[in-house]
Amino acid sequence: MDIFLQQLINGLVLGSVYALVALGYTMVYGILELINFAHGEITMMGALVALAVIGALALAAPGLPGVLVLGAGLAVAIPVCVALGLVIERVAYRPLRNAPRLAPLITAIGVSIILQNVAMLIWGKQYIPFPAILPEGRHQVLGATVSDIQIAILVLAVLIMLALILVVQKTRLGRAMRATAQSRQVASLMGVDVNRVIAATFAIGSALAAVAGVMVSAYYGLAHYYMGFLLGLKAFSAAVLGGIGNLRGAMLGGLLLGLIESFGAGYIGDLTGGFLGSNYQDVFAFFVLIAVLVFRPSGLLGARLVERA
Amino acid sequence: MKRTPPRWLAFSLLALGLALLPFLVDAGMGRSWVRLLDLALLYVILALGLNIVVGYAGLLDLGYVAFYALGAYVYAWLASPHFGLHLPFWAVLPLGAALAALFGVLLGAPTLRLRGDYLAIVTLGFGEIIRIFMNNLNAPVNITNGPQGINLIDPVRLGSFSLNQPHRLFGVTFTGIHLTYYLFLLFTLMVIFISMRLEDSRIGRAWVAIREDEIAAAATGINTRNLKLLAFAMGATFGGLAGGLFASFQGFISPESFNLMESIMILCMIVLGGMGHIPGVIFGAVVLTLLPEALRYTGDWQRDLFGHVYVDPADLRMLLFGVALVAVMLYRPAGLLPSTRRRREFADAKG
């Protein structure tokens, strides 16, 4: 029971980070039908920029409370990521909006290679440790251990997701985004500045990615120029699992993927009689993903895509 | 009126050029570039295989490298000391290609209903699953030797004629990589020929119809299910073939060679070159194989320009590679050598 609870908690924490990154994929996809391959790299950039600021502050002013230092890291990382997202959209995607569908996919791949290598040139190839600035408190809940960092990630992620739903459902910008997602052309005829809406979508997605990047590096205690690749891949899978283009789908998919992974790692050995170890946890996650898509071809919450001519 | 040289003349010049190419490259640029030439031919086979799935049938496949891996592992299992088997290459290569084709159908069958990006993520997952299995199937029974990979794979050998030793023929010394070039060229030409014949056949046109509009294609009586499966199987066959050739050429394989980035690279080759257009795909494959190597010279350029190497060329070349991908797509969104059909479509979309 305590193992079950422990895996549940780990899965929820991991899943809420996946969900934050998946939201960025799904928002962009909903509006542009573009897989923003560089999104994982934006997450990585957020983590590394924040770490650089945190490291510098921890050296310059060792007495500062950890939360403040972390806040400063985020305060720099978020604008940097937003700027990156906007530049990428402007340079690599906007000129190709009417091009064949695979062209922007290739520029996205190109941008993600560029970002990875820029990060490698700036920060090097080694793992960068997350300075011990946060309280290390651990709590026992029914036999499972929960750390302060885990609680903070979970609470923050839920708050951010609620805020995002509010923005999309209740504000003018949100309405414009939903209209643009339905039809770019009609939305622009109704007076929506489509370019601004798309830019705003990239900005919001990149800000979420920055936060998620900091969360991941705080959770695992390190960051790395290559961390965006796997994280992006998982988050994109999560977005597809939930039904890409659907905000609630991305949240559900992220949480589910986190749970599948952590339960997979915990139980796969017992399930297969020790034949497959926890190194197969990714296989397990992908199998579930494929199985779900075979039976629900547009994801769990995705609308049935009408065939486009 | 422009006068074109007769076809036979163009053909024989091309043949002569291809035959002499490894020696010219060897003399002009060094032995390592002949090796790259061999690799480039391998990628041409891979790119043409993926082109059938993505370019003709319009099925976005991000796990193509799985078939490449299967072909390579089949070759390694049947022709290396790993299991103590040493079957001849002409038996192993078709087996690898056939197994890859079977897996192509296995992947295709459950995914027939998926479209576009959903298909992309499933194929991607399939590729990762195969790679993770290759990485971990060294226990409890050692099948793939895990991350260490399989070593000492037999080279292509016919009787006592082995491709990893130099041979003297007609007074000219052919080293292993030269001979490999001719072998790969032979297979490449075969794959090009098959692709060309497919393109203009009923099957090829049915694939294009499916790519353009699946419902309309089905309405005109095309069996979309069988044809999509055939596309997966054909593409996988070429992938498996290339895998076998790769294993024999390297003599060593490990799961590292078959990661997602490799699939993405092959996709980049066909999109960059010009999807669905054979000369474009060949061009894209050759350019993208040689470009990262050519970018190693950035160290020399830095020395010439600034008298000092500021950035390690090994670190810089992937960055420049990324820049090149973005730049080509921005200036030529339909690819470097698009087919006339796509060029027209793109002009329509723009206007």
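Here is a walk through the two chains and how they touch.

This is a predicted model, where local features need pLDDT of at least 70, side-chain atom pairs count only at pLDDT 80 or more, and totals for chains, interfaces and linings use all residues. Residues are numbered from 1 along each chain as its sequence is written, while chains are lettered from A and ligands numbered from 1 in the order in which they are written.

Let's start with confidence. Helices here are DSSP runs of H or I with at least four residues, strands are runs of E with at least two, and both are numbered from the N terminus. Residues 304-309 of chain A fall below 50, and beyond near neighbours in sequence that stretch has five contacts in the model. Where pLDDT is low, the predicted coordinates should not be read in detail.

Now for the interface. Two residues are in contact if their C-beta atoms, placed from the backbone, lie within 7 Å. Chain A puts in 39 residues and chain B 38. On chain A's side, the elements giving two or more residues are α4 (102-123), α9 (227-242) and α11 (281-295), with α4(A) giving the most, 13 residues.

Zoom in on α11(A). Against helix α5 (residues 116-136) of chain B, α11(A) packs at about 150 degrees with the axes 9 Å apart; axes are lines fitted to C-alpha atoms, for helices over the stretch in contact, and angles run from 0 to 180 degrees between N-to-C directions. That angle is why α11(A) counts as roughly antiparallel to α5(B), a label for angles over 145. Among the residues that meet here are A:Phe286 and A:Leu289 from α11(A), and B:Ile129 and B:Phe133 from α5(B).

Back in chain A, β2(A) pairs with strand β3 (residues 144-147) in the antiparallel sense over four bridges; pairing takes at least two DSSP bridges between the strands. The two strands form a hairpin with two residues between them, and A:Leu142 in the turn has a positive phi of about 50 degrees. A:Val141 sits opposite A:Ala144 in β3(A).

Finally, in chain B, helices α1 (residues 7-29) and α2 (residues 31-56) pack at about 145 degrees, their axes 7 Å apart. B:Pro22 and B:Trp33 are among the residues that meet there.

Methods. pLDDT is the predictor's confidence in each residue, from 0 to 100. Angles under 35 degrees count as roughly parallel, over 145 as roughly antiparallel, 65 to 115 as roughly perpendicular and the rest as oblique.
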